[in-house]
Amino acid sequence: IISRKGNQMMNSKFYMIAILVGVLVMFGAYQQGRLTADSAVAPAKVAVVDITKVIKTCEKFKKWQDEKQKEIQKIEDEFKVMREELSALNENLKIRTPGSEDHRKLAKEFTEKKATLQAKDAAYKEIWENEKEQWTEQLYQQILSVIDKVATQKGLDIVIANEELNLADPMRPEIMQTIVTKKLLYHNSKYDITDEILVALNATD
């Protein structure tokens with residue numbers, strides 16, 4: 001027969017073991033919770049930039065546009081003189097007898113000058129488009145570099161392009177292409193860092 005004292009000792013040991021097991025279980029749950037919290041991925045910090053606005057309103061674009069406008073004006077003045085010469089030749093042709101020597105010479109000169117004007121116009125247009133494409137690509141690379149710098153300073157994880165649409169003529173191919181490729185359909189304006197990108201871009205050489 002187990003004495004009352006013996007029963008009390010056994011009960012005390014049982015309670016101690018139960019308490020110890022409880023503490024171990026709680027500690028294990030706490031550790032698991034810490035591991036889960038540590039392994040959880042924090043929400044990404046996201047911002048948006050209107051690339052078109054940056055390109056069209058940055059100081060670099062305005063400066064380049066002013067320089068090119070002077071070149072274009074010089075070419076337009078040259079073309080104006082050539083068109084006036086063509087117009088004068090055409091008027092002179094009207095008073096010449098068709099088939100005469102004078103008429104043939106003037107007609108040949110008119111055709112040659114007209115062909116020269118058209119060739120120059122086509123050549124200048126091609127040169128202009130190539131220069132514009134190359135310059136835009138260089139500016140775009142600068143913008144990407146600035147975005148990388150600003151995003152790093154702000155501790156951002158993702159920067160998304162947000163292009164404003166002009167739906168005056170929604171059936172134009174370029175408009176439809178923009179609609180199809182546009183991925184950002186809504187954003188809170190507080191996440192827009194376009195103006196910060198503009199300031200940083202204008203501060204570069």
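A residue counts as buried when its relative accessible area is under 20%, and as exposed when that area is over 50%; values in between are partly exposed. Keep that in mind for this predicted model.

Start with helix α4, residues 101–154. At 1.5 Å a residue, its 54 residues should span 80 Å. The end C-alpha atoms are 79 Å apart, which agrees. Glycine 155 follows α4, and its phi is positive, near 70°.

Which residues of α4 are buried? They are His103, Leu106, Leu117, Trp135, Leu139, Ile143, Val146, Ile147, Val150 and Ala151. The cover over these buried residues includes strands β1 (46–49) and β2 (158–161). It also includes helices α2 (51–57), α3 (59–94) and α6 (194–202).

Now turn to the aromatic rings. The model has 5 aromatic pairs. In one of them, tryptophan 64 stacks with tryptophan 128, at 5.6 Å centre to centre and 15° between the planes. Tryptophan 64 sits in helix α3 and tryptophan 128 in helix α4, so this pair ties together parts that are 64 residues apart in sequence. Tryptophan 64 has a relative accessible area of 10%, so it is buried. Tryptophan 128, at 25%, counts as partly exposed.

Tryptophan 64 also pairs with tryptophan 135. Their ring centres are 4.6 Å apart and their planes lie at 15°, so this pair is stacked. It links distant parts of the chain: tryptophan 64 in helix α3 and tryptophan 135 in helix α4 are 71 residues apart. Both tryptophan 64 and tryptophan 135 are buried. Ring pairs join Phe61, Trp64, Trp128 and Trp135 into a cluster.

Terms used
Residues numbered from 1 in each chain as written. Predicted model: local features only at pLDDT ≥ 70, side-chain atom pairs only at ≥ 80, totals over all residues. Heavy atoms only, no water. Helix = DSSP H or I, 4+ residues; strand = E, 2+ residues; numbered from the N terminus. Expected span 1.5 Å × (residues − 1). Buried < 20%, exposed > 50% of the residue type's maximum accessible area, 1.4 Å probe, protein only. Contact = heavy atoms within 4.5 Å. Phe/Tyr/Trp six-rings, centres within 6.5 Å; stacked < 30°, edge-to-face > 60°.
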